[in-house]
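Dear colleague,

Please find below the structure that I am handing over to you, followed by an account of what was found in it.

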Amino acid sequence: MTGRRVDLTYGAYLHLDELLSAQHPASRPVHHDELLFIVQHQTSELWLKLVLHELREVQARLAADDLRPALKGLARVKHIQHTLTDQWAVLATLTPSEYAEFRGALATSSGFQSDQYRAVEFVLGNKNVAMLELFAGDDRAREQLADLLTRPSVYDEFLRYLHRAGHDVPRAVLERDVTQPHRFTPELVPVFRAIYEHAKQRWEAYEACEELVDLEENFQLWRFRHLKTVERTIGLKPGTGGTGGVSFLRSALEITFFPELYAVRTEIGR
């Protein structure tokens, strides 16, 4: 490389000067372990940005009946989810006494305030218009969530795809108000039962169903790993943002994006 003309360097392409100077510990004097805490959450936000990027493309591909690229996108998201889950093991090296040294400097900041996490939940169907008020002072975040609120979720687009492919998806599901979270619809279970019990004839739909189940399971594993990391670090104390901490995270484990894909498992083979 010596002596060659360089039009673009690695550091310039990745904006490393900006990226590596974006860690600003709030503790005074600065506590050694706060950098770990910051990097953990910043990298998670970068991965969430990519998850959103991929899921938006999955939505577009499903809407265009282009299933294969949609499945490729879901496969990539699943790998990102594994990385996000594994990252908790690094933060879990932060002991309660170490975290207590700088936790007070975090004030009211909390992961609960992550707009990208909320955006991922919106894209997957867990919509809540009240979340927009949480970001009333952040135009970028609020505009993104407001936009996603009015768009069909990944599941909505998948069900519409199934309808166009000849599956008997109830019209009420196809015409539902997409600003509301998806609610369990018993009439969808026979649709999925037919797909699973005739998988050889309906392989593409069958494969897509399993990819969505993988996606939801990975999300639940991420939530559970988050719960256990928080539990071992702060016990049952409230979260910095005013949430119930562990109790709040435990309640989130009850949230499901694709309930009929789990309900159908009880019916298969009966």
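Pro29 sits in the loop between helix H2 (16-19) and H3. Helices here (H or I, at least four residues) and strands (E, at least two) are DSSP runs, numbered from the N terminus. The peptide bond that joins Arg28 and Pro29 is cis, with omega at about -5°.

Please bear in mind that this is a predicted model: local features need pLDDT of at least 70, side-chain atom pairs count only at pLDDT 80 or more, and totals for chains, interfaces and linings use all residues. Residues are numbered from 1 along each chain as its sequence is written, and side-chain values use heavy atoms, with hydrogens and water left out.

Two further residues deserve a look for their backbone angles. His15, in the loop between H1 and H2, has a phi near 50°, a positive value in a residue other than glycine. Asp65, in the loop between H3 and H4, is not a glycine either, yet its phi is positive at about 55°.

**Overall picture**

The protein contains 14 helices and zero strands. Its C-alpha atoms fill a box of roughly 65 × 60 × 35 Å, taken along the principal axes. The accessible surface comes to about 15,000 Å², and carbon and sulfur atoms hold 55% of that area. Such areas come from the Shrake-Rupley method with a 1.4 Å probe; for residues, only the protein chains shown count as cover.

Of the 270 residues in the protein, 43% are buried. Buried means under 20% relative accessible area, exposed over 50%, and partly exposed in between (1.4 Å probe, protein chains only). Among the contacts with a separation of 6 or more, 72% are between residues 24 or more positions apart; a contact means heavy atoms within 4.5 Å.

**The nonpolar core and a surface patch**

In soluble globular proteins, nonpolar side chains tend to be buried together. A nonpolar core is a set of buried Ala, Val, Leu, Ile, Met, Phe, Trp, Tyr and Cys residues joined through side-chain atoms within 4.5 Å. Which residues touch the most other members of the largest nonpolar core? Among its 65 residues, they are Phe158 and Phe192. Helix H12 (residues 203-234) gives the most to this core, namely eleven residues. Apart from neighbours within four places in sequence, Phe158 is in contact with Leu62, Phe192, Ala205, Ala208, Cys209 and Leu212.

Leu8 belongs to the segment before helix H1 (10-13), and its relative accessible area of 56% makes it exposed.

**Charged residues**

A salt bridge is a side-chain nitrogen of Lys or Arg within 4 Å of a carboxyl oxygen of Asp or Glu. By this rule there are 23 salt bridges.

Asp65, already mentioned for its phi, forms one with Arg164, at 2.9 Å from N to O. Asp65 lies in the loop between helix H3 (34-63) and helix H4 (67-91) and Arg164 in helix H9 (residues 154-164), so the pair ties together parts that are 99 residues apart in sequence. Asp65 is partly exposed at 40% relative accessibility, and Arg164 is partly exposed at 41%.

Glu121 and Arg118 form another salt bridge, with their closest N and O atoms 3.9 Å apart. Both are in helix H6 (residues 115-124), three residues apart, and are therefore separated by about one helical turn.

Arg193, Glu197, Glu267 and Arg270 are linked in a network of salt bridges.

Finally, Arg176 is found in the loop between helix H10 (171-174) and helix H11 (189-197), and counts as buried at 18% relative accessibility. Its side chain reaches the backbone oxygen of Gln180 at 2.9 Å, a polar contact (a pair of N or O atoms within 3.5 Å; within protein, one must be able to donate a hydrogen and the other to accept it, and residues adjacent in sequence count only if both atoms are side-chain atoms).

Yours sincerely
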